[in-house]
Amino acid sequence: MSTPMRTRASRAVAAAAAASLLLPAAVAVAAPQQGPGSSSEHHAGTYLAATLAGRATLSADYLAEGPPSGAAASPGNGRQGPWDGQVIPGFSAMVDNHDGTFWAQPDNGFGAKGNSADFLLRNYLVRPQWNTGSKGSGAIKVLDFVEYNDRNDVLDFDIVNEDTDERLLTGADLDIESLVRAADGTFWVGEEFGPFLLHFDEDGTLLEAPYEFPDGRSPGNPYLEPGEKPNVGGSRGFEAMASSGRYLYPVVEGALADDADVRRRWIYEFDTRRGEYTGKRWAYQTDQQANVIGDAFATGRDTMLVIERDDFEGDQAVTKRVYEIDLGRKDRDGFVRKELVVDALRIANPRGIDKGEGYGLGETFSLPVQSFETVLFVDRDTLLIGNDNNYPGNDARVTGTPDDTEMALVDLKKKRVTDDGVTVVGHRGASGYRPEHTLAAYETAINQCADYIEPDVVSTKDGVLVARHENEISGTTDVAAHPEFAARRTAKTIDGTSITGWFTEDFTLAELRTLRAKERLPQVRPQNVPFDGLYLVPTLDEVLDLARNSRTCDGAPVGVYPETKHPTYFDSIGLSLEEPLVRELGRNGFDRADAPVIVQSFEVGNLQDLDDLTDVRLGQLISSSGAPYDFVADGDPRTYADMVTRSGLREIASYADGIGAEKNVLIPRKADGTLGAPSTVIRDAHRVGLEVHTWTFRRENQFMSAEFRSSTDPNGIGDLVGEIRVFMKAGLDGFFTDNPDLGVAAVS
């Protein structure tokens, strides 16, 4: 029921490289083009499958020769500076020498000017000895380095080593982040304190004065005037930079301070021959507002790879992705089109490389580090990805142990998109593993091979659709801990029931963004509680963006299954859900009959309205008791039981494409709590052309029929796979589950 997603990482750059600043470059992977919802319902086409081909690491505690470093560094993971040598805190950028070695550049050291004065800025020559699962030690050998310096006295501001002959540069002087090498062997470096573009010779000597950013300064800029307001966030300068021909393309890591769109990141063009910015820039939209750009690598004259990442690590991580963008193609909102090449949280590891050595090292390889900051092609089919480990603070792999520096090779191979014919829906995301209706829950569902993700849709005061199970949010956010909103606690009647709490329609989106999500059922799912307070309430637009920029484990585009919550109530307060929902679907390219979207509702009238407003598929939700609230409000005596009779199903088929029925409607339970014989609903629905999905499969005993419970403990884990298989034998087309991994196992 979903449609294939294709990636455009397809252009060879060998020809462009001949005239490029880069040394002879790799070629990108050939694959067909993709746009939102651009392919058929039958999953035709191919996609790029990512497989770990090799991995190499450098010990976090490795010290290069040189004076002690880290005297002022923050301690972490049992490590305390100063260290007797130069720390290598990971690599923020790399250049391939095409002989098995790489230039690998760390950043400013320990994160700030004040703690990095004893950290020398260097570019290391390294040789990874790839562990391929059958050979290779898996070590990164440090062979040599160049030290960045200002021995020509180019800089006109004071530096730490101001009065020395070598004038070696330190992390208190500059924050180097991105790197390309020119055909003449010189290095261009993107920096963050300015932000500046820096030009060094092949021995690391600064050749000319820093080129200033034309659109603002950061708080660390040495030229900042008294009272001048920085426009670039601290440590949010040129983390990424690509190169094509005579041009550099530095990317601002975060949003500019005066930009009303907090998800916009700007890509600039710099002419190295003229030594000036060309005035051209392009807008890139991140998946969510806190995401940053980690690296860039040219794949053609107008195309490049970019890393988009969040600041989380380990099991908290949501976004560690490589997208390809085309500066010549824009979406409906004016942003460059981006297409997924690799989700670094889901890379197959069939060779078992380093399996069991830490989080993310298993049958699936994940790079869950905070600072995923390196990407480049090393050959036509292989990416290299790597990390800055922020020594000694990051511990994504093994809690309490600082992360090693990693380099990983990822093979990209075209595969055919497949379809097993069963729709697995991540209910509110993978809500059995992450707090529901967060991008973390949706991303987890995708990585567990769900076909669709399900956002329940409610409205804010200013008419923005957001994903919450209910408009009352005290159970799913930390709103009660915000004294500034205490007065907004109130009682309302929603669908005939009096409810007291805080409601989305009383908050603007900006206010709602100050809240954080929490686990709704902490006693049932204590494993989700550690994620409380981490994640924002996502907008529907962000959920749609995540889906259209993702693909399932089978290569199809991830579908979205939004539910309109309490549409009669929202109509009554002037915040209709249907029209803004249709607009958001249209803006994101999900407005066609073959789009991977199903809109669902427990009410009937709004689905009938939507049938006139959109061509996407519609699903009528059916409970085992009661009636649609719009029927109740209108005095219509029909119930859900009436709707699943043969005549009722024929009526549903006049405006909807399927039903989503509570489990007991399809297979009623017997008096002892075990499953009885299937009802005729699935058969009757199929006869009138309706697909049948059911809700909700959860792994805890209390939510399961008696024969599949593991014990009398209501929160114990039962045999969810077994229960799902009984329903599948009854002819079910798909189902909602809080545990997509188990759902997929049941239909495999």
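Trainee: Is Gly328 buried or exposed?
Mentor: In this predicted model, local features need pLDDT of at least 70, side-chain atom pairs count only at pLDDT 80 or more, and totals for chains, interfaces and linings use all residues. Residues are numbered from 1 along each chain as its sequence is written, and side-chain values use heavy atoms, with hydrogens and water left out. Gly328 has its place in strand 18, residues 320-330, where helices (H or I, at least four residues) and strands (E, at least two) are DSSP runs numbered from the N terminus. Buried means under 20% relative accessible area, exposed over 50% and partly exposed in between, with a 1.4 Å probe and protein chains only, so Gly328, at a relative accessible area of 61%, is exposed.

Trainee: What distance separates the C-alpha atoms of Gly328 and Arg301?
Mentor: Along the chain, Gly328 and Arg301 are 27 residues apart.

Trainee: How does Asp99 count at its relative accessibility?
Mentor: Asp99 sits in the loop between strand 4 (93-96) and strand 5 (102-105), and its C-alpha atom is 21 Å from that of Asp201, which lies 102 residues away along the chain. Because its relative accessibility is 47%, Asp99 counts as partly exposed.

Trainee: Which residue just after helix 2 takes a positive phi?
Mentor: Helix 2, residues 439-447, is mostly covered, with eight of its nine residues buried. Among those buried residues are Leu439, Tyr442, Glu443 and Ile446. Just after this helix the backbone takes a positive phi of about 80°, and the residue concerned is Cys449.

Trainee: Does Arg428 count as buried or exposed?
Mentor: Arg428 is found in the loop between strand 25 (423-426) and helix 2. Although Arg428 is not a glycine, its phi is positive, at about 60°. Because its relative accessibility is 7%, Arg428 counts as buried.

Trainee: What is the relative accessibility of Asp495?
Mentor: Asp495 lies in the loop between strand 29 (490-494) and strand 30, and its phi is near 50°, a positive value in a residue other than glycine. Asp495 counts as partly exposed because its relative accessibility is 24%.

Trainee: Which residue with a positive phi follows helix 13?
Mentor: Helix 13, residues 720-729, is mostly covered, seven of its ten residues being buried, including Leu720, Ile724 and Phe727. What covers these buried residues includes helix 11, strand 36, strand 37 (734-737) and helix 14 (740-747), where contact means heavy atoms within 4.5 Å. The helix is followed by a residue whose positive phi is near 105°, namely Gly731.

Trainee: In which strand does Thr696 lie?
Mentor: The peptide bond from Trp695 to Thr696 is cis, with omega near -15°. A cis peptide bond also runs from Tyr391 to Pro392, with omega near 5°, and Pro392 has its place in the loop between strand 23 (382-388) and strand 24 (405-416). Thr696, by contrast, lies in strand 36.

Trainee: At roughly what angle do the axes of helix 4 and helix 6 cross?
Mentor: The axes of helix 4 (residues 540-548) and helix 6 (residues 578-587) come within 10 Å. Their contact is made by Leu540, Asp541 and Leu544 of helix 4 together with Leu581, Glu584, Leu585 and Arg587 of helix 6. Axes are lines fitted to C-alpha atoms, for helices over the stretch in contact, and angles run from 0 to 180 degrees between N-to-C directions. On that basis, the two axes cross at roughly 35°.
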